Amino acid sequence: MTMNVGIDKMSFFVPPYFVDMTDLAVARDVDPNKFLIGIGQDQMAVNPKTQDIVTFATNAAKNILSAEDLDKIDMVIVGTESGIDESKASAVVLHRLLGIQKFARSFEIKEACYGGTAALQFAVNHIRNHPESKVLVVASDIAKYGLASGGEPTQGAGAVAMLVSTDPKIIAFNDDSLALTQDIYDFWRPVGHDYPMVDGPLSTETYIQSFQTVWQEYTKRSQHALADFAALSFHIPYTKMGKKALLAILEGESEEAQNRILAKYEKSIAYSRKAGNLYTGSLYLGLISLLENAEDLKAGDLIGLFSYGSGAVAEFFSGRLVEDYQEQLLKTKHAEQLAHRKQLTIEEYETMFSDRLDVDKDAEYEDTLAYSISSVRNTVREYRS
Ligand code: HMG
């Protein structure tokens, strides 16, 4: 019998500021419907310079970890493409800020937006070999393309934290994942560049083609067809993207299956519409959104997950919802977090966006958010606790 391994707890954190996409469209002289309907975004999360991937990761993880978890976790993996150091992993700092017992591995994984899934798969395999332990996986990123750039309406920021264990209380994964690697330059960020290079049309094309290729092979190799799934959850760089990929495989499916999967897709994008792209965290923000907003899912339901990281690596895998999974969710906390953010004017957003943390200058910083950067000394960031 295969062991039940999966996500026991999960939560997200987004920075406490956002821009309204209608305001952004007006400022950029674009029809607001392009952003609201064409791209599918209502709001975009923005972070000040005192909040980075460690800040997001720590706040997200704090929402889910008990004292017993801190004692049992023996591995901390951060998936990110917004690293703050070329050598030292943010997971090491996260490990200290959270107070996790010291006999643990901590490291960072990178492959664009796929990094969170690589971390999750690593965690699942570790738990299969060490069923008594727990692994903390955090996907944390800042998606920035530049002011008035083509990618600007698809920016965002935030983290998703997941505790992986045996007998998980939210979703147990099947051993059926299928990955695809293709060396394609659709989106990349050379060392030293603040913003990614991106070929927008190629990136959307590659995303769709990757999904079609993986899906076709997955359904061939596994026992599953679309009709078996209660819902599919996608990497969501902007909410229209997953839908385009989904529409590309619906032809020939029953009307019931098409309607069901499309209706669930809408539930999975509710949070992303308000936060934008979280890069590594986007698929998992989508999963949280699906589970917290789809009223008619139930224990035993099969959920498919499609992960995509530019460059490009894609993966499809699945899991089944666990009895009483609803009780593990933090729906109220998440709704409050999204509702209590401050809306920025475009001028405030542009000022915040352009204000960079200078790690070569020792300084103290003010910020009321927990785990925000309190100072920089000798290029080292210190965080409030
Ligand atoms: P663009 O050129 O600004 O937009 O680029 P467009 O001209 O392609 O229009 C977008 C959509 O808006 C179109 O819909 C238009 O028709 C529609 P579609 O035909 O595609 O269905 N539209 C309107 N709709 C209603 N009313 C209107 C209106 N006007 C136009 N008035 C693009 C858009 C997403 C390419 C750009 O923002 C970009 O480059 N973003 C960054 C790249 C990206 O997000 N790519 C996604 C796939 S790659 C990925 O997922 C990986 C990633 O997360 C990174 C990683 O892995 O680390 C990005």
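## A helix under cover

Contact means heavy atoms within 4.5 Å. Buried means under 20% relative accessible area, exposed over 50%, and partly exposed in between (1.4 Å probe, protein chains only).

You're looking at a predicted model: local features need pLDDT of at least 70, side-chain atom pairs count only at pLDDT 80 or more, and totals for chains, interfaces and linings use all residues. Residues are numbered from 1 along each chain as its sequence is written, and side-chain values use heavy atoms, with hydrogens and water left out.

## The whole chain

Let's zoom out. The protein chain has 13 helices and 18 strands. Its radius of gyration (taken over C-alpha atoms) is 20 Å, close to the 21 Å that the globule rule gives for 385 residues, so the chain is as compact as a globular protein of that length. That rule is 2.2 Å times the number of residues to the power 0.38. Of the 385 residues, 57% count as buried.

Now for helix H8 (residues 239-247), where Thr239, Met241, Gly242, Ala245 and Leu246 are buried. These residues cover an arc of only 165 degrees around the axis, which puts them on the same side of H8. The arc is that of the directions from the helix axis to the C-beta atoms. An α-helix has 3.6 residues a turn, so residues three or four places apart point the same way.

The buried residues of H8 pack against helix H2 (32-39), helix H7 (200-221), strand E12 (231-234), helix H9 (255-268) and helix H10 (272-275).

Most residues other than glycine have a negative phi, and most peptide bonds are trans. Ala112, in the loop between E5 and helix H6 (115-129), has a positive phi near 45 degrees. Asn378 has a positive phi too, of about 55 degrees, and sits in the loop between strand E17 (373-377) and E18.

Buried or exposed? Ala112 counts as buried at 10% relative accessibility, while Asn378 counts as exposed at 62%. Finally, a cis peptide bond joins Gly311 and Ala312, with omega about 5 degrees.

How values were computed
Helices (H or I, at least four residues) and strands (E, at least two) are DSSP runs, numbered from the N terminus.
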